[in-house]
Amino acid sequence: MQPFALDYARPVGELEFAAPYVYDAGLQLNVLRDGRVAAGDHALLRELGTTTSTAGSKTHFDD
């Protein structure tokens with residue numbers, strides 16, 4: 001017997017999204033392509049809600 005939900009479940013498609021920022025290991029911050037700190041770009045924060053990276057998990061043991 002197959003659960004009811006599986007009759008209607010669809011696979012999630014791949015998201016084709018390239019973040020407009022990159023992680024700068026020297027600054028330990030996300031920066032925009034022009035070198036500005038990503039957290040200071042209010043339009044970007046309104047659109048994305050946050051600028052996340054994996055930096056914390058690589059540098060801190062308590063994350």
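## About the model

Because this is a predicted model, local features need pLDDT of at least 70 and side-chain atom pairs count only at pLDDT 80 or more, while totals for chains, interfaces and linings use all residues. Residues are numbered from 1 along each chain as its sequence is written, and side-chain values use heavy atoms, with hydrogens and water left out.

## The overall fold

Let's start with the big picture. The chain has two helices and two strands, and along the sequence they come in the pattern β-β-α-α. Helices (H or I, at least four residues) and strands (E, at least two) are DSSP runs, numbered from the N terminus.

Of the 63 residues in the chain, 14% are buried. Here buried means under 20% relative accessible area, exposed means over 50%, and partly exposed lies in between (1.4 Å probe, protein chains only). The accessible surface of the chain is about 5700 Å², with 57% of it belonging to carbon and sulfur atoms. Accessible areas come from the Shrake-Rupley method with a 1.4 Å probe, and for residues only the protein chains shown count as cover. Among contacts in the chain with a separation of 6 or more, 20% join residues 24 or more positions apart; a contact means heavy atoms within 4.5 Å.

Strands S1 and S2 pair in the antiparallel sense over four bridges. Two strands pair if DSSP finds at least two bridges between them.

Gln28 sits in the loop between S1 (21-24) and S2, and has a positive phi of about 55 degrees although it is not a glycine. Most residues other than glycine have a negative phi. With a relative accessibility of 52%, Gln28 counts as exposed.

Together with Leu27 and Val37, Leu29 makes a nonpolar surface patch of about 240 Å². Patches are made of residues with over 30% relative accessible area and no salt bridge: like charges are joined within 9 Å, and nonpolar side chains (Val, Leu, Ile, Met, Phe, Trp, Tyr) within 5 Å.

## The salt-bridge network

How many salt bridges does the structure hold? There are two, where a salt bridge is a side-chain nitrogen of Lys or Arg within 4 Å of a carboxyl oxygen of Asp or Glu. One joins Asp34 and Arg36, whose closest N and O atoms are 2.8 Å apart. The other brings together the side chains of Asp41 and Arg36 at 3.6 Å, N to O.

Asp34 is exposed, because its relative accessibility is 53%. Arg36 is partly exposed at 44%, and Asp41 is buried at 16%.

Asp41 is found in the loop between S2 and H1. A polar atom of the Asp41 side chain lies 3.2 Å from the backbone nitrogen of Ala43; a polar contact is a pair of N or O atoms within 3.5 Å, and within protein one must be able to donate a hydrogen and the other to accept it, with residues adjacent in sequence counting only if both atoms are side-chain atoms. Leaving aside neighbours within four places in sequence, Asp41 is in contact with Leu32 and Arg36.

Is Leu44 buried or exposed? Leu44 counts as buried because its relative accessibility is 8%. Leu44 has its place in helix H1 (residues 42-48). Between Leu44 and Leu32, the C-alpha to C-alpha distance is 9.8 Å, and the two are twelve residues apart in sequence.
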